[in-house]
Amino acid sequence: MHRFNEMMHSFELYLEDPDESNIHPSDIAYLLKKVRKKETKEAFLDLLEKIPHDVLGDVLLELPEKIKDEALEALSTEVLAGALGHLESDDATDLVQDIGDLDEDKSEAVVAHLDEEDREDIDKLRRYEEDQAGAWMQTELFDAKLEESVQEAIDRLRRLKAEGELENIYQLFLVDENQRLLAGISLEDLIVMDFKRTFKDVLAEEEYHFLSVEATDEIEEVAKMFEQYDLSVLAVVDWQGKLVGRITSDDIYDVIEEKATEQIYKLAGVDDDAEQEEKLYGVFKKRASWLGVNLITAILASIVIGVFDTTLAAFIPLAILMPIVASMGGNAGTQTLRVMVRQMALGDIDFENAKEAIYKEFLVALFNGLLFAIIVGFVAYFWFHVELLGVVIALAMIFNLLMAGLFGALIPLLLKRLDVDPAVGSTVLLTTVTDVLGFFSFLGLASVIL
């Protein structure tokens, strides 16, 4: 509550004199979110309308989907166009697409209110698929020709920064007369150069290594490059090698967060898009479908138990100990499964080195199986004073943990081979394996040994 009051005070000061307040757009978005939850929708919209156009776009992008949709529906076409005009091209395109998801006609009307250069940038970015690098790039960048001097480039950068045309500049991109990318020079290197020299002279004496991606490359591969080479910015070129934009690290953070969230939801058997729905029915339907699959697997496990009903009836301690085997197998398998899915997503595991990963998980499962077999064997013996019962549950524990480790590693790889997202359905398949094999091994050994 203290933070809310403090931010509200800062926001009021900002409205009185924007130059004397340093409140961040994310803080304003936090205020809007709290107002929407605690007060009426009218209070939320009243606060929204007070936000100046130069920060409104950044604030909208920070809002949760549901609240952002309400804001986009309430704001006029002219106000939204004014907000878009202060955003970088990639962020403006994202907001245009958000408006289009709600009202395509309003989206086109907003774009029509923009100046020609902004419209061209947005139309250019909208041509790319969502998973392509071009959809995540921004067209605003700092480039220079070979004949230009270092001093001229720095003077131009100073002017563009003062006019608000460029933000978050990390590199100067050198291009030829046909806009083909030749080199990338960090600002750190730029400011220690002889300002009187041309870039042609600079390149003649020293080579500046740089990385680039094509606009049609997959954004997940681009994210891996940022991680591998610890990048702040990456040039984007077209199929002819012409510089068309750049991708900055803040965009890649969004890519990584979206992918991680998607995987977490899928491993839990829920749908990312469905969880964002406002209507309860949509969330209910998606979750119910996966619970229905889980019910089928539970029935399969129950059928296995039913096969050994006479064994259970004759020896009650089996029913008491039985959940331990299945539970330990399920948890061990889930550990392996999530490690495999995550490492596959990061590119650390593929079909070429899969054998090594499977072998590692199998050994880990074996060691865990031996450890917990000894522990649970002694527990069963001291609990029920039946020596062979301890042997039965120990053997079943080793077998089920081995199967959990093996299938926890194999299932994601198999789904990937079948062009199915490994995060989808892996948990259900693994649960089926560990429950069915756990019950079968434990009860089967009990019927033979006891």
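Visitor: Okay, why are R126 and D123 separated by about one helical turn?
Guide: Because they sit three residues apart in helix 9 (residues 116-126). Helices here are DSSP runs of H or I with at least four residues, strands are E runs of at least two, and both are numbered from the N terminus.

Visitor: Before we go on, where do these values come from?
Guide: This is a predicted model, where local features need pLDDT of at least 70, side-chain atom pairs count only at pLDDT 80 or more, and totals for chains, interfaces and linings use all residues. Residues are numbered from 1 along each chain as its sequence is written, and side-chain values use heavy atoms, with hydrogens and water left out.

Visitor: Back to R126 and D123. What do they form, and how far apart are the closest N and O atoms?
Guide: They form a salt bridge, with those atoms 3.1 Å apart. The term means a side-chain nitrogen of Lys or Arg within 4 Å of a carboxyl oxygen of Asp or Glu. In general, side chains of opposite charge can pair when their charged atoms come close.

Visitor: How exposed is R126?
Guide: R126 is partly exposed, at 27% relative accessibility, and D123 is partly exposed too, at 33%. Buried would be under 20% relative accessible area and exposed over 50%, with partly exposed in between (1.4 Å probe, protein chains only).

Visitor: How many salt bridges does the structure hold?
Guide: Twelve. Among them is K50 with D46, at 3.7 Å between the closest N and O atoms. K50 has 44% relative accessibility and D46 has 39%, so both count as partly exposed.

Visitor: New topic: what order do the strands of the open sheet have?
Guide: The three strands go 1-2-3, with mixed pairing. Two strands pair if DSSP finds at least two bridges between them. The edge strands are strand 1 (143-145) and strand 3 (181-186), each pairing on one side only.

Visitor: How many bridges join strand 1 to strand 2?
Guide: Three, and these two strands run parallel, with strand 2 covering residues 171-175.
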